[in-house]
Amino acid sequence: MIDFEALAQAIFDNAVSALGRGAVVVEGRAKARAPVRNIFGVQHELVPNKYIGDIEALRASRGGEIGKDEMMVKVKAPTPLKAGGFRSSLRRDVIHRREAMAERHLAEYKAGIEGKPVLDRRGASEVKTKRALYVGTKKVRKGIGASIGGRLRGEIQAMSPTMSGRTAEVWVISPTEYAGFQEFGTRHNRAHPFLRPAAEESQDEVVSLIADAMREASRTGAANMEIEIVVRL
Amino acid sequence: MAGFTLDALIKKPVLTSAPVKRALVQKLRASPSLVAAIAGGIHEGIAPRKVRYPFVTYQLVSAVYHRQWGGVILETIFDVVVYAVNPVDANNIDALITTALDEAVLVMDEQDSMLCRRVADLPTGPDTDSQGKRIYQVGGSYSTWAHQTL
C-alpha cells in the first residue's frame, strides 16, 4: 500500500531542496558574470575560500589525507578547529593578499614602471584613499582588514527557498546599491547585466536538478511506480 | 554506387544574436510614428553624450542556445529603453515600442522568427544627465526565439 500523501510530501521536499541548490548554481554564475573594475586586475589570482566543512568532508572522503594545494593555509590537523576562527583566518589571508597586491600595484604606478601599469590614475587614487574598500563583515568594519574591489560580486547571494502553500520560490539577490545601475544601465553607463543572464543560462540545469531530485524521491517512495514529472520555471 | 556530395556534410554556421539584433532594429525603424517620435535615434548600449532627447537604446542581455535534432533555437533577451526629459514622452514612446515589437515577426536570413514578446518592465527611475537635466528612463525586456535548421 502506498501512502500517496507521504510520497507527495517527500517529492515536494526534495524538489525544494534541489531548488535551493539551483539557486546556488545561479549565484555562482552571477558572481562569474558580475563586473569587477579592471583597475585592480588581480581578482583571478585569488584562491577561492574553502570553509572548514568543505575541508573536513574532503578529508573524510580521502581517509584523512588531503593535498596541500587544496587548502589555502596550513592547518594543524587533526587538532579540533573552531569553525569561525578558521574561517576568519582564511578571510584575513585573502584580505592581506589583496591589500598587498593593491599596494604593490600602487607602488608600481608611483614608480612609473615601463609598460602598462595595472592601476590607472583613478585606480591608484582609489587604492590610496581606500575609497574602493569592500566592507563585508562586522569584523572588517571594526578595522581588522578590508578587501579592495569586488563588492558587487562579493554581495551576491542565494537566499533559502521559501514556501507558500504548494509553491516554492527562491531568490538570488544582489543587495549592493549600484547593482541596478549595472544590471539595467544608466544615461552615463551602459548596462552590464549579470543576474538575468545567470538565471537564463542556469534554467536547464536548475530544471534537471529539480527533476532528478523528484525522480529520486519517487523511486525511494514507490519502487514500482512510474510518475511523470513536469517541472515549470 | 551511392554518391553524396561533400556539401551535405559541411556544417552550416550556427546563428548568432547579430541577425536577431538587426531584425529588432529594423522592426523599430519600420514604425513611422516611432521614428518620428525619437529625435535622438536608436543606439546600441549607450548613446553619445550630445544626442538629443528622446532617444532609444537597446542591449543584449542574454543569448542561450538550445540545440535539438536538426536545428538550434536561440533564445535572446533584449532591453529596449527610452530616455526622455518628459515622463509622458518616455511612456508614450515605450508604448510605441511595445506595439512594434510585441508579438512581432522578425525578418532574418536563414532563420525563422518564432517569437518576440515583451516579458518585463524595467525597474528604472529618473536620472540626471551631465548637464543637470532630469532624465526619465522607461523600458522593457523583450524575449525573442529564433530557429535555424542545421
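How many residues does helix H3 of chain B have, and how far does helix H3 reach from its first C-alpha to its last? The views below come from a predicted model.

**View 1. Helix H3 of chain B, end to end.** H3(B) runs over residues 87–101. The helix has 15 residues. From first C-alpha to last, H3(B) reaches 21 Å, close to the 21 Å expected at 1.5 Å a residue. Just after H3(B) comes Glu103(B), with a positive phi of about 60°.

**View 2. The buried side of H3(B).** Six names to find here: Ala90(B), Ile93(B), Asp94(B), Leu96(B), Ile97(B) and Leu101(B) are buried. They lie on the same side of H3(B), because they cover an arc of only 160° around the axis. An α-helix has 3.6 residues a turn, so residues three or four places apart point the same way. What covers the buried residues of H3(B)? Chain B elements do, including helices H1 (17–29) and H2 (32–37). Strands E2 (55–68), E3 (71–84), E4 (112–121) and E6 (134–149) of chain B also take part in the cover.

**View 3. Where chain A touches chain B.** Twelve residues of chain A and 15 residues of chain B make the contact. On the chain A side, helix H7 (179–184) and helix H8 (195–221) each supply at least two residues. H8(A) gives the most, with four residues. By type, this side of chain A holds four nonpolar, three polar and five charged residues.

View 4. Arg21(A) sits in helix H1 (residues 4–33) of chain A. Pro161(A) is 140 residues from Arg21(A) in sequence. In space, the two are 9.4 Å apart, C-alpha to C-alpha.

Note on methods. Residues numbered from 1 in each chain as written. Chains lettered and ligands numbered in written order. Predicted model: local features only at pLDDT ≥ 70, side-chain atom pairs only at ≥ 80, totals over all residues. Contact = placed C-beta atoms within 7 Å. Nonpolar A, V, L, I, M, F, W, Y, C, P; charged D, E, K, R; others polar. Expected span 1.5 Å × (residues − 1). Buried ≥ 20, exposed ≤ 12 C-beta atoms within 10 Å, placed from the backbone. Arc of directions from axis to C-beta.
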